[in-house]
Amino acid sequence: MRGSVDNGIKEKLRRSGYTLTSQRRAVLEALKESKGHPSAEEVYLRVKQRNPRVALGTVYQALSVLEEVGVIESKRWSESPARYDLNLDPHLDIRCVRCGRVDEVPGVERGGLEEEIRANTPYEVTKAAVLVEGVCPQCQRA
Ligand SMILES: [Zn+2]
């Protein structure tokens, strides 16, 4: 991502009055490098490898701003810290209830869910999340 930071990300930040600070950029790079859906602590440890002086609170703040402007998405499964995701195309993630591993579920349409909910409630829908849990292949064998 270095040198080719998505203009869309900068634009989304700018529209909400933010800029792409070096901390936010480092957090985005960490998210891009870590496959899957890291927790804030995992993002922090990855950013820390490059910038040993970074504070956990700084990483939390960057994650919260990036989520607020819609560049990343957070997901919360039961008994698990929030996990962050750079893939904003509507998709489903499944979490293993035994080992905590998270994988994307390919091939399932989720795109219509928010429209369907809007059509059926007078609420202004701001977020619709589907929680999927299961037992991963490794844990099934264990
Ligand atoms: Zn598992």
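H2 and H3 sit roughly perpendicular to each other (the label covers angles of 65 to 115 degrees, with under 35 roughly parallel, over 145 roughly antiparallel and the rest oblique). Their packing angle is about 115 degrees, and the axes are 9 Å apart; axes here are lines fitted to C-alpha atoms, for helices over the stretch in contact, and angles run from 0 to 180 degrees between N-to-C directions. The crossing of H2 and H3 is right-handed, meaning that the near helix is turned clockwise from the far one by less than a right angle, with anticlockwise giving left-handed. On the H2 side, Ala26, Val27, Ala30, Leu31 and Glu33 do the meeting, and their partners in H3 are Val43, Arg46, Val47 and Arg50. Contact means C-beta atoms, placed from the backbone, within 7 Å. Helices (H or I, at least four residues) and strands (E, at least two) are DSSP runs numbered from the N terminus.

All of this comes from a predicted model, in which local features need pLDDT of at least 70 and side-chain atom pairs count only at pLDDT 80 or more, while totals for chains, interfaces and linings use all residues. Residue numbers start from 1 along each chain as its sequence is written.

H3 also packs against H4, again with a crossing at roughly 115 degrees and axes that come within 9 Å. Here too the crossing is right-handed. Ala40, Val43, Tyr44 and Val47 of H3 make this contact with Leu56, Val59, Tyr60 and Leu63 of H4.

Which residues of H3 are buried? They are Val43, Tyr44 and Val47, where buried takes 20 or more other C-beta atoms within 10 Å of the residue's own, exposed 12 or fewer, and partly exposed anything in between, with C-beta atoms placed from the backbone. These residues lie on the same side of H3, because they cover an arc of only 100 degrees around the axis; the arc is that of the directions from the helix axis to the C-beta atoms. Turned away from the buried side of H3 are the exposed Glu41 and Gln49. The cover over the buried residues of H3 includes H2, H4 and E2.

With 13 residues, H4 reaches 18 Å from first C-alpha to last, close to the expected 18 Å at 1.5 Å a residue, the expected span being 1.5 Å times one less than the number of residues. Val59, Ala62, Leu63 and Leu66 are buried in H4. An arc of only 100 degrees around the axis puts them on the same side of H4, whereas Gly57 and Ser64 are exposed on the other side. Helix H2 (22–33), helix H3 (40–50) and strand E2 (83–85) are among what covers the buried residues of H4. After H4 comes Gly70, with a positive phi near 85 degrees.

Further along, Arg98 is found in the loop between strand E3 (92–96) and strand E4 (102–105). Arg98 has 14 other C-beta atoms within 10 Å, so it counts as partly exposed. Val135 and Cys139 touch Arg98, leaving aside residues up to four places away in sequence. Gln138, 40 residues from Arg98 in sequence, is 9.9 Å away in space, C-alpha to C-alpha.

As for the whole chain, its 6 helices and 5 strands run α-α-α-α-β-β-β-β-α-β-α from the N terminus. Of its 142 residues, 18% count as buried.

Methods:
Two residues are in contact if their C-beta atoms, placed from the backbone, lie within 7 Å.
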